[in-house]
Amino acid sequence: MTVRDVAVAVLLVAGVTLQVLACLGVGLMRTALERLHFSGVSTLGTLCVAAAVLVRESFSLIGDKALLLAALVLVTSPVLAQATARAIHAVQGRDDA
Amino acid sequence: MNEWLWAAVALLALLGVLGAVAVRRPFLDGIVALEVAGIDAALVLLLVAEGTHRQPFADLALVLGAMSFVGSVAFVRFAEQEP
């Protein structure tokens, strides 16, 4: 077992664990805003899994695609979270009025 | 089955939890579940690509990631404008 194998294992376990926590959080929380917090955890899980693939494959075709996926999720996740939070506030404002 | 495919199976099972939230909870809660499910499904495809050493699944993961974002934004806009 090399250092690379250990790094891949740690990153993979961390990524999957974070994704499990994110999904359970979305499932167990009570309000939409509380559920929305766990989309950030999901982003971190994605980064860890993509890093595991990158460490395993280096900058090969699949490594580059993992890197691209991580970059895409890193950029789009905050945008989506902000848009969703704004929609939740708009709907809650309409319901309260 | 290697560790990558086991990880993919674990993440695939989580889609059921997110699907239950989307079905049983109010609309906006379902949108949040959809957003996380999109990322989860893209990760499943990436893990399958690595576990089976097949490139096309990684392409699918990228396309799913992009399309999931576009679809979620569309649903959010719809929810915001709904009377």
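These legends go with close-up views of a predicted model with chains A and B.

**View 1**
The size of an interface is often given as the accessible area lost when the parts come together. Between chain A and chain B, about 3500 Å² is buried, and carbon and sulfur atoms give 76% of that area.

**View 2. A salt bridge links B:Asp59 and A:Lys65.**
How many salt bridges does the rule find across the interface of chain A and chain B? There are three. In one of these links, the side chains of A:Lys65 and B:Asp59 come together at 2.6 Å, N to O.

**View 3. Helices of chain A supply residues to the side that touches chain B.**
Helix H1 (3-28), helix H2 (32-57) and helix H3 (61-96) of chain A each provide at least two residues of this side. Which helix gives the most? H3(A) does, with 19 residues. Sorted by class, the side of chain A that touches chain B holds 26 nonpolar, eight polar and seven charged residues.

**View 4. Chain B carries a nonpolar patch on the surface.**
Here you can find B:Phe27, B:Leu34, B:Phe75 and B:Phe78, which together have about 370 Å² of accessible area. Helix H2 (27-52) and helix H3 (55-81) of chain B each supply at least two residues of the patch. To get your bearings, find B:Phe75 in helix H3 of chain B.

Conventions. Residues numbered from 1 in each chain as written. Chains lettered and ligands numbered in written order. Predicted model: local features only at pLDDT ≥ 70, side-chain atom pairs only at ≥ 80, totals over all residues. Heavy atoms only, no water. Contact = heavy atoms within 4.5 Å. Buried area = accessible area lost by both parts, 1.4 Å probe. Salt bridge = Lys/Arg side-chain N within 4 Å of Asp/Glu carboxyl O. Helix = DSSP H or I, 4+ residues; strand = E, 2+ residues; numbered from the N terminus. Nonpolar A, V, L, I, M, F, W, Y, C, P; charged D, E, K, R; others polar. Patch = residues over 30% accessible without salt bridge, like charges linked within 9 Å, V, L, I, M, F, W, Y side chains within 5 Å. Areas by Shrake-Rupley, 256 points an atom, 1.4 Å probe, with all protein chains shown as cover.
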